[in-house]
Amino acid sequence: MGNEAPSAGTNLAEVDYGAVQASPEFQRLRRTHRSFVFPVLGACLAWYFAYVLLASYAHDFMSIRVFGSVNVAMLLGMAQVVTTFAVTTWYVHYANKRLDPLAEEIRDEIEIGEFETREFEKEEEAR
């Protein structure tokens, strides 16, 4: 979906992108995206800084051997890598299910020319 070229009849230079951005559909897409990204970003940053702080100030805890020469620090470091892959997979699934259909609707409206600026100007005037 995201890599498909616009149809031959679409003149993207004539699209009123300001109207697209002000549209309720685009605002819904943006809200849906942000409702996922900001909380997950906050959790990942907290997890990362917790690891850095533990590595900096909790030497005794981080040097506890779990098995063989593997200690807590190594396990938590590997967990950071696993977290990165898990969050990436989670986001791809979320985007495919929730974001891509909304973006496709907006793109389709732009390409077939049904995205009328007048509709949004009337909505703005009514507010």
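**Salt bridges, helix packing and surface of the predicted model**

The count of salt bridges comes to 2, a salt bridge being a side-chain nitrogen of Lys or Arg within 4 Å of a carboxyl oxygen of Asp or Glu. The structure is a predicted model, in which local features need pLDDT of at least 70 and side-chain atom pairs count only at pLDDT 80 or more, while totals for chains, interfaces and linings use all residues. Residues are numbered from 1 along each chain as its sequence is written, and side-chain values use heavy atoms, with hydrogens and water left out.

The protein chain contains 5 helices and 2 strands; helices (H or I, at least four residues) and strands (E, at least two) are DSSP runs, numbered from the N terminus. From the N terminus on, the order of these elements is α-α-α-β-β-α-α. Of the 127 residues of the protein chain, 21% count as buried. Buried means under 20% relative accessible area, exposed means over 50%, and partly exposed lies in between (1.4 Å probe, protein chains only).

Both salt bridges involve Arg-107. In one, Asp-108 pairs with Arg-107, and the closest N and O atoms are 3.4 Å apart. Asp-108 is partly exposed, at a relative accessible area of 31%. In the other, the side chains of Arg-107 and Glu-111 meet at 3.7 Å, N to O. Arg-107 and Glu-111 are 4 residues apart in helix H4, so about one helical turn separates them.

Helix H4 (residues 72-112) packs with H2 at an angle of about 175°, and the axes of the two helices are 10 Å apart. Axes are lines fitted to C-alpha atoms, for helices over the stretch in contact, and angles run from 0 to 180 degrees between N-to-C directions. H2 and H4 are therefore roughly antiparallel to each other, a term for angles over 145 degrees. By class, the contact of H2 with H4 has 21 nonpolar, 6 polar and 4 charged residues. Here Ala, Val, Leu, Ile, Met, Phe, Trp, Tyr, Cys and Pro count as nonpolar, Asp, Glu, Lys and Arg as charged, and the others, Gly among them, as polar.

Helix H4 also holds Leu-99, which is buried at 6% relative accessibility. The C-alpha atoms of Leu-99 and His-33 are separated by 6.8 Å, although these residues are 66 residues apart along the chain. Ile-110, likewise found in helix H4, is buried with a relative accessible area of 17%. Between the C-alpha atoms of Ile-110 and Asp-16, 94 residues apart along the chain, the separation is 9.2 Å.

On the surface, Phe-38, Leu-41, Leu-45, Tyr-48, Phe-49, Val-52, Leu-53 and Tyr-57 form a nonpolar patch with about 840 Å² of accessible area together. Patches are made of residues with over 30% relative accessible area and no salt bridge, nonpolar side chains (Val, Leu, Ile, Met, Phe, Trp, Tyr) being joined within 5 Å and like charges within 9 Å. Accessible areas come from the Shrake-Rupley method with a 1.4 Å probe, and for residues only the protein chains shown count as cover. Tyr-57 lies in helix H2 (residues 24-57) and is exposed, with a relative accessible area of 70%.

Methods
Parallel < 35°, antiparallel > 145°, perpendicular 65-115°, else oblique.
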